[in-house]
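Please look at the sequence and the structure below, and keep both in view while you read.

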2 protein chains.
Amino acid sequence: MDKLATIKDIAKTLKISTSTVSRALRGQPDVSVETKKAVLSLAKELDYQPNKAALSLLKKHTQTIGVLVPNLDYFFATAIKGIDEVAMEAGYTVMVCQSNESFDRELINTKRLLESQVDGFIISISSETKSFDHFKRLTDRHIPVVFFDRTSSDIISSKVLLDNEDGGHQATEHLIEQGCKRIAFLGGPKNLSISNKRKQGYENALTDHRIKKEKNLIVHCNFSREAAYFSIQKILKNKKRPDGIFAVSDRLAIGAMLAIKEAGLSMPDDIALVGFNNEPIVDLLNPGISSIDQPAFKMGKLSAQTFFDLLKNQDANISREIILKPKLIVRESSKRK
Amino acid sequence: MDKLATIKDIAKTLKISTSTVSRALRGQPDVSVETKKAVLSLAKELDYQPNKAALSLLKKHTQTIGVLVPNLDYFFATAIKGIDEVAMEAGYTVMVCQSNESFDRELINTKRLLESQVDGFIISISSETKSFDHFKRLTDRHIPVVFFDRTSSDIISSKVLLDNEDGGHQATEHLIEQGCKRIAFLGGPKNLSISNKRKQGYENALTDHRIKKEKNLIVHCNFSREAAYFSIQKILKNKKRPDGIFAVSDRLAIGAMLAIKEAGLSMPDDIALVGFNNEPIVDLLNPGISSIDQPAFKMGKLSAQTFFDLLKNQDANISREIILKPKLIVRESSKRK
DNA sequence: AACGTTACCGCAACCGTTCCCGGGAAGCTT
DNA sequence: AAGCTTCCCGGGAACGGTTGCGGTAACGTT
């Protein structure tokens with residue numbers, strides 16, 4: 001790889017000092033028009049690009065945000081698009097790392113991002129993560145960190161969240177209103193906050209309507225279609241099968257749908273189904289799956305905005321918490337006449 | 001933001017030189033066991049992380065790959081997962097930037113990645129891009145660049161591609177075998193190579209089977225479901241409507257499907273449909289959409305591997321071109337009895 | 001003629017790390 | 001006793017860029 005042109009190269013060929021070149025390049029005073037012109041034209045000719053590493057050393061910041069997500073599915077991809085949007089506007093670059101839901105990778109990625117001297121982090125934690133020391137080490141150092149979507153109540157930091165409890169409540173209440181009496185909860189990994197909050201909303205809705213919750217209607221599995229399929233398949237074999245299912249993600253809902261269809265049951269009459277995320281494909285299915293819509297793009301933008309707020313008031317030790325409201329989109333999978 | 005611990009901090013508190021600390025940290029000789037132990041324990045206590053910027057300045061490489069993609073949809077997300085896998089294994093970090101299909105953003109992103117001193121690039125070009133000077137400037141400097149999926153024949157570089165022509169051929173031939181006589185082609189933007197190659201395969205298949213191609217059955221639109229919907233809606237109003245459609249992406253195929261359904265036509269009997277990408281949702285639709293499967297994950301891994309090959313033999317001015325074979329997955333949307 | 005002002009430019013330090021080189025101390029061989 | 005290894009360690013330059021400070025002309029003012 002050939003060397004990129006540096007300020008020294010320009011200085012040497014023009015027989016002036018690097019200081020002058022630097023000043024000329026950044027439009028500072030104390031440079032004559034001729035030298036400035038000469039520098040600028042040579043810089044263009046050599047396709048000069050400032051070396052961020054050198055800048056980083058000197059200025060102690062890199063104009064980059066480390067973004068750490070569990071995966072790049074629809075939700076996170078659109079959230080990242082939102083982050084990217086406002087970061088780019090502010091002249092910042094984002095470094096995206098995915099943990100693949102693995103704790104070890106999350107560890108490695110935070111370490112690497114830290115080594116890369118990112119100015120701060122925007123994080124959604126992996127489903128495996130149970131200890132948060134690696135994040136605490138960041139906040140202890142007063143590095144700006146914003147958590148979005150997936151977080152933990154053990155973490156004290158700025159957060160951009162969905163009101164997951166409300167989402168679970170809306171979904172469950174809707175199922176109750178459709179006449180469901182025995183509603184199953186299909187959740188993600190047990191230590192995942194978003195899943196638990198949605199479960200809390202589910203349970204609250206049941207109590208609100210004086211329906212007693214049944215332990216064997218509550219299932220947890222990982223976020224794969226197959227796992228959901230097997231979980232629901234199992235539940236449907238019970239002598240008292242559910243007549244409604246609330247799944248904490250659309251992918252899980254799809255797995256559930258497959259099991260329901262295979263069992264020869266009809267939707268929504270035998271079993272009504274509600275998912276979560278409102279991914280653009282769920283309205284194409286037959287039946288279209290009702291789902292809780294979360295504003296992923298907006299969450300991304302807000303995360304980046306609170307990040308920059310944090311960056312500005314670093315001394316002020318505040319941590320903002322933004323909570324967005326979800327919205328139920330009703331489709332045929334749960335709409336009984 | 002508090003300062004991260006540096007080698008100097010360790011040296012100062014231990015009253016030794018930075019050289020010794022550096023040696024101790026990297027397990028080099030010329031360090032006594034006691035000092036080494038002292039350095040290591042203090043480093044752990046201070047949670048010392050080496051400063052990549054300083055390393056970059058000195059060593060002229062950053063152990064990072066710049067990945068430039070048009071978006072983060074299913075295909076690119078899984079490809080990136082593949083890239084990430086082998087990059088991580090090699091101790092490299094990837095910086096992902098998305099152009100959002102915009103030429104300007106592509107320009108800005110390559111510039112920023114270059115400033116960040118990435119060791120090379122893995123690129124899939126935006127659909128807007130018609131000029132490739134910004135990429136040529138990279139290869140001229142002998143910076144390792146691998147293009148994958150979307151590229152241009154005007155670019156001389158290593159590439160990891162799908163045999164798109166073969167894909168188009170397979171899809172079209174399959175439709176012909178199902179008895180289709182008037183097959184429409186639903187393509188992406190006109191300057192996009194992958195779309196044009198698939199079109200070439202489509203046309204070749206037609207000629208192979210002595211079917212004359214009809215200009216008004218060939219449509220181009222951008223990669224949105226809506227655009228595809230309107231395009232097909234328009235075509236179906238023709239007095240001689242098509243009896244088969246080959247769409248160059250699943251999203252376009254879905255748009256087509258919506259138009260077909262709305263027109264009250266049946267699939268596959270009135271119109272047979274084949275998409276491209278084989279995204280995991282197309283088998284859930286009703287009918288399941290036949291699609292050309294491309295090994296996205298494998299393409300990502302291969303891209304990263306050829307990248308590292310390039311990195312090793314930088315002097316050798318070779319450029320490898322890997323071409324993968326696609327595979328047609330037949331579903332109900334095109335399977336006539 | 002002496003002084004002040006202005007315009008332009010270079011010197012040198014600094015950021016964190018590596019690495020070459022030189023050097024001192026201790027132990028060993030002649 | 002003189003010389004040679006061996007083991008540790010530190011000095012200092014280098015990477016690319018910014019910046020405060022000082023310096024030198026040329027010019028204008030008294």
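In what order do the six strands of the open sheet in chain B lie? They follow the order S2-S1-S3-S4-S5-S11 and their pairing is parallel, where strands (E, at least two residues) and helices (H or I, at least four) are DSSP runs numbered from the N terminus, and two strands pair if DSSP finds at least two bridges between them. This is a predicted model, in which local features need pLDDT of at least 70 and side-chain atom pairs count only at pLDDT 80 or more, while totals for chains, interfaces and linings use all residues. Residues are numbered from 1 along each chain as its sequence is written, and chains are lettered from A and ligands numbered from 1 in the order in which they are written.

The edges of this sheet are strand S2 (93-98) and strand S11 (321-324) of chain B, each of which pairs on one side only. On average, neighbouring strands are turned by 15° against each other, direction ignored, with axes taken as lines fitted to C-alpha atoms, for helices over the stretch in contact, and angles running from 0 to 180 degrees between N-to-C directions. Within the sheet, strand S3 (residues 120-123) and strand S4 (residues 145-148) of chain B pair in the parallel sense over three bridges, and Ile122(B) has Val146(B) in S4(B) as its bridge partner. Helix H6 (residues 103-115) of chain B packs on the sheet, where it touches strand S1 (64-69), S2 and S3 of chain B, and its direction makes about 180° with that of S1(B).

Turn now to the two chains together. A rotation of 180° with 0.0 Å of shift along its axis superposes chain B on chain A with an RMSD of 0.1 Å, by least squares on the C-alpha atoms of residues with pLDDT of at least 70 in both copies; that is the relation of a two-fold axis. In chain B, the C-alpha nearest the axis belongs to Ala53(B), 2.2 Å from it. The contact (C-beta atoms, placed from the backbone, within 7 Å) takes 35 residues from chain B and 35 residues from chain A. On the side of chain B that touches chain A, the largest share, five residues, comes from H4(B).

Finally, consider DNA strand C. Of the 24 residues around DNA strand C, Ser17(A), Thr6(B), Ile7(B), Ser19(B) and Ser22(B) come nearest, a residue being near if its C-beta atom, placed from the backbone, lies within 6 Å.

Note on methods. Contact = placed C-beta atoms within 7 Å.
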